[in-house]
Amino acid sequence: MLEVDGLTKRYGDTLALSSLTFAVRPGEVFGFVGANGAGKTTAMRIMLGVLAADAGEVRWQGRPVTFETRRRFGYMPEERGLYPKMRVGEHLVYLARLHGLDAAAATRAAEALTERLGVATRRDDAVEKLSLGNQQRVQLAAALVHDPEVLVLDEPFSGLDPVGVDALAGVLLERAKRGVPVVFSSHQLDLVERLCDSVGIINAGRLVASGTVAELRERETTRQLRVVVPDVPATWAGTLPGVTVVSERRGEVVLELGPGVDDQQVLAAAARAGRVEHFSRRRPTLTELFREAVADVPADRVEVTA
Amino acid sequence: MSGSPRGMVGLVMRREIVTRVRDKSFLVSTLLTLVIVAAVVVLPSLFGGDDDEVTVGVVGNAAAVEPALRQAAAAQDARLTLTTFPDEAAARTAVTGGDADAAFLAPDRVLVDAELSGTTEQVVRTAYQQAVGSARLTEAGLDATAVARALDVPPLGVTAVDPPDPDAEGRQQAAFIGILLLYFQLIGYGIAVALGVVEEKSSRVVELLLSTLRPWQLLAGKVLGIGLLGLGQLVLTGLVGIGAALASGAVDLPSGLAGVVGQVLLWFLLGYAFYACLFAALAALVSRQEEVQNVTAPLTIVLVGSFFLALTVMGDPESTLARVTSIVPPLSAMVMPIRWATGTVPLWEVGVSMLLMVLAVVSLVRLAGWIYAGAVLRSGPRVGLRDALRSGRTQG
Ligand SMILES: Nc1ncnc2c1ncn2[C@@H]1O[C@H](COP(=O)(O)OP(=O)(O)OP(=O)(O)O)[C@@H](O)[C@H]1O
Ligand SMILES: [Mg+2]
């Protein structure tokens, strides 16, 4: 279990993280989402020890993470960086060896990964000669080359073409299947929804929601219904007590039910208005959950950051 | 799993050396240095370094001066080569072509290329005076053998109270080349360290590296790797210089040359340790290559200053200035080897000077390590020195 416990980090007057807490189980893919400046990068840098926290700790397998444990982590920093003039293959071997692999194992790992990520033909080229997307793939290989026990990737999908996204997603899921906890941040929420077992939404340095995507949807206090009664104006719904019309388009309405409203009564009302073609509970997308979580910043948080 | 701290430093060192050795510009500059040093050593012996060898030709009846030439050359300690030319034209060709330093066309007329000078002049003039003198004495009725005996004067015995060091000139030359190399090596490799540090910052690879390396390991590997390369280059240059001197044969190896070379190498090590750590620490404060020159300017100034100080000291190695600055670090790095080469330095002064330098290096290494650790992960605007020191110290 990878546990992040009560991380707090202050930059001068800015509170970048305030008691950030979450846990990722082995084999779990954890999506870390939040608005720009929410604190994702800060948290990941602290997890990798390149930044010191003011308070809190990170634990792996129940023990506080030390320099030695971190060497078995794989990391992709937000600021991509490799030696521009070093050859791709040699670079990966060098990084693998810095993480403790012997020369032969490092070479094998570098070859396998470049193959897997589609940059095998560029092994003898200097990193700077690759396109940005291909450099990104090499960067990813750099995070994976020492077969890490834990993966922490800061926006690994940004800048990749769809084929690259699929290749990367495949590799991440494969590593997770082997029992590696994978934490990655992203602004591509559809991707997060597709790949992640669980999601943490961070806002202004604090985790405002976390759990599996399904859990987050269930936990949603407001219930929405999607009802299609063709060619009938939505006035039938507007008159029901406790029901608000969220959107309406050619007979398709999205309704939000207040507390205690019985959805079967809504169905009956719809049937009275016309022929009901579709009636379902509408699940909010991750994007909507995200918007909502980020929108209502509790008043006390505003005070703390100010 | 390997990964001992020392193993990590070794890996970093290896990368530093391999990437640099592979760089064409490094090979070219090394080769160029070697060629220049060899040329500086060999060239003086090719041009005009042949004063003690005298080649004199004689034409026709001028052969009469031959015995006098032999005597004069022996008295001058010069090696004489005598040639006979069939006619004046042949003598002219030989003299203009440099095959002969002078040619007697007649007992009282000598042909030279440009002017009569150096040992040749002394041999030729002495021989001429002797030849004329003995001819006149014989004319006056004196027995020829008696005349010859009378004129064969044994060399004057000279006892010097303070004899000049016969190697002084050679040592001076070696010292100059040594100090020049030391200067270029210290400044060149110091800047290489600075650029290497900033390359890692500007390419952001440092964040990835420091997730598996401690800052001191990265710093030590870089400084040691680049330093080893600098030392290797210096040793190679020294060997080529000595080899060229031996091969050309014209320059006698001054007896103290090994000592001079040893001093240069020793002070390169101490000086490099001192400057490289500072170059690295200062470079860690900035994030762009263009800022390196600015931030390391104080070090460059000290280096250039010590270089000129060393040149001054070379002229007067026994002055108070020389004695003081050859003990004060880091000036001693360039002044002490020059004093060693050109003057006479008591061993205890060398010892004190080295000890002070080592102490300076030891205390600086820690300071530089803190500054480096406190600044190397902070990209963007220039990091304040004190700020870096504070955060570096708390990281431990
Ligand atoms: N070096 C720094 N100095 C001062 N403030 C900083 C520094 N780094 C980050 N911050 C602040 O900390 C907060 C969190 O930044 P962080 O980079 O962690 O956000 P993020 O979630 O990664 O954002 P993004 O999605 O844009 O990458 C921001 O308010 C940022 O301005
Ligand atoms: Mg970020």
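In which handedness of crossing does α1(B) pass α9(B)? The crossing is right-handed. The close-ups below come from a predicted model.

**View 1. Helices α1 and α9 of chain B cross at roughly 45°.**
Helix α1 covers residues 5-22, and helix α9 covers residues 215-248. Their axes come within 7 Å. From α1(B), the contact residues include B:P5, B:M8, B:V9, B:V12 and B:M13. From α9(B), they include B:W216, B:Q217, B:L218, B:A220 and B:G221. By class, this contact has 14 nonpolar, 3 polar and 3 charged residues.

**View 2. Helices α12 and α14 of chain B cross at roughly 15°.**
Helix α12 spans residues 297-315, and helix α14 spans residues 332-342. Their axes come within 8 Å. Angles under 35 degrees count as roughly parallel. The two helices are therefore roughly parallel to each other. Their crossing is right-handed. On α12(B), the contact is made by B:L303, B:S306, B:F307, B:L309, B:A310, B:V313 and B:M314. On α14(B), B:M334, B:V335, B:I338, B:R339 and B:T342 take part. These residues divide into 9 nonpolar, 2 polar and 1 charged.

**View 3. Ligand 1 is surrounded by 14 residues.**
The closest are A:G37, A:K40, A:T41, A:T42 and A:E78. A polar side-chain atom of A:T42 lies 2.5 Å from an oxygen atom of the ligand. For A:E78, a side-chain N or O atom is 2.6 Å from an oxygen atom of ligand 1. A:A38 uses its backbone: a polar atom there is 3.3 Å from a ligand oxygen atom.

Definitions and conventions:
Residues numbered from 1 in each chain as written. Chains lettered and ligands numbered in written order. Predicted model: local features only at pLDDT ≥ 70, side-chain atom pairs only at ≥ 80, totals over all residues. Heavy atoms only, no water. Axes fitted to C-alpha atoms, helices over the stretch in contact; angles between N-to-C directions. Helix = DSSP H or I, 4+ residues; strand = E, 2+ residues; numbered from the N terminus. Left-handed = near helix turned anticlockwise from the far one by under 90°. Contact = heavy atoms within 4.5 Å. Nonpolar A, V, L, I, M, F, W, Y, C, P; charged D, E, K, R; others polar. Near = heavy atom within 4 Å. Polar contact = N/O pair within 3.5 Å; in protein donor to acceptor, adjacent residues only side chain to side chain. Parallel < 35°, antiparallel > 145°, perpendicular 65-115°, else oblique.
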